[in-house]
Amino acid sequence: MSVRNPSSSKLKFDEGRLMQVLVAPIVSEKATMIADKTNAVTFKVLQDATKFEIKAAVQLMFKVDVQSVAVLNIKGKTKRFGKSVGRRDNVRKAYVTLKPGQELNLGGESA
């Protein structure tokens, strides 16, 4: 078992990789409700992205302070198209909670 050094919490990531980690923001009723209640933003991320990479990517791209990251995998549903059977892609979601006082506006409109 290894113990992490608190002073080395700033991990270095490849900036090109970080620009690809966040695939798209998820804008839905549930995501908006969570954003209002807990100051968390929801993103669709790469399947192999780690919490540390997601945190670094959000901080790099949006210049905000991240408090925590929660990640979940959603299995793709099996769907029928006439006689053939298809399958939707698996999705990896990240709920990024921002520190108090931080704000991230994905709507695009300015105040």
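Predicted model: local features only at pLDDT ≥ 70, side-chain atom pairs only at ≥ 80, totals over all residues.
**A helix across a sheet**

Helix α3 lies across strands β1, β2, β3 and β6, and it runs at about 125° to β3.

Four of them form an open sheet in the order β1-β2-β6-β3, with antiparallel pairing. The edge strands are β1, residues 22-25, and β3, residues 66-74, each of which pairs on one side only. On average, neighbouring strands of this sheet are turned by 30° against each other, direction ignored. Strands of a sheet pair through backbone hydrogen bonds, in either a parallel or an antiparallel manner. Here, β2 and strand β6 (residues 91-98) pair in the antiparallel sense over six bridges. Within this pairing, Val 45 stands opposite Arg 92 in β6. Helix α2, made of residues 29-38, also packs on the sheet. Helix α2 touches β2 and β6, and its direction makes about 140° with that of β2.

Attention may now return to α3. This helix has 12 residues and reaches 16 Å from its first C-alpha to its last, close to the 16 Å expected at 1.5 Å a residue. Which residues of α3 are buried? They are Glu 53, Ile 54, Ala 56, Ala 57 and Val 58. An α-helix has 3.6 residues a turn, so residues three or four places apart point the same way. What covers the buried residues of α3 includes α1, β1, β2, β3 and β6.

Val 96 illustrates how the parts of the chain meet. Leaving aside its neighbours within four places in sequence, Val 96 is in contact with Asn 39, Ala 40, Val 41, Phe 43, Ile 54, Val 58, Val 66, Ser 68 and Val 69.

Phe 43 also takes part in an aromatic pair. The count comes to one aromatic pair in this model. The pair is formed by Phe 43 and Phe 62, whose rings are 5.8 Å apart centre to centre, with 25° between the planes. Because planes under 30 degrees apart count as stacked, this pair is described as stacked. The pair links distant parts of the chain: Phe 43 is in strand β2 (residues 40-45) and Phe 62 is in helix α3 (residues 51-62), 19 residues apart.

Most residues other than glycine have a negative phi. Lys 63, which follows α3, has a positive phi, near 55°. Lys 63 lies in the loop between α3 and β3 and is exposed, with a relative accessible area of 66%. Asn 39, in the loop between α2 and β2, likewise has a positive phi, near 60°. Asn 39 is partly exposed, with a relative accessible area of 27%, and is among the residues in contact with Val 96.

Terms used: Residues numbered from 1 in each chain as written. Heavy atoms only, no water. Phe/Tyr/Trp six-rings, centres within 6.5 Å; stacked < 30°, edge-to-face > 60°. Helix = DSSP H or I, 4+ residues; strand = E, 2+ residues; numbered from the N terminus. Pairing = 2+ DSSP bridges. Axes fitted to C-alpha atoms, helices over the stretch in contact; angles between N-to-C directions. Contact = heavy atoms within 4.5 Å. Buried < 20%, exposed > 50% of the residue type's maximum accessible area, 1.4 Å probe, protein only. Expected span 1.5 Å × (residues − 1).
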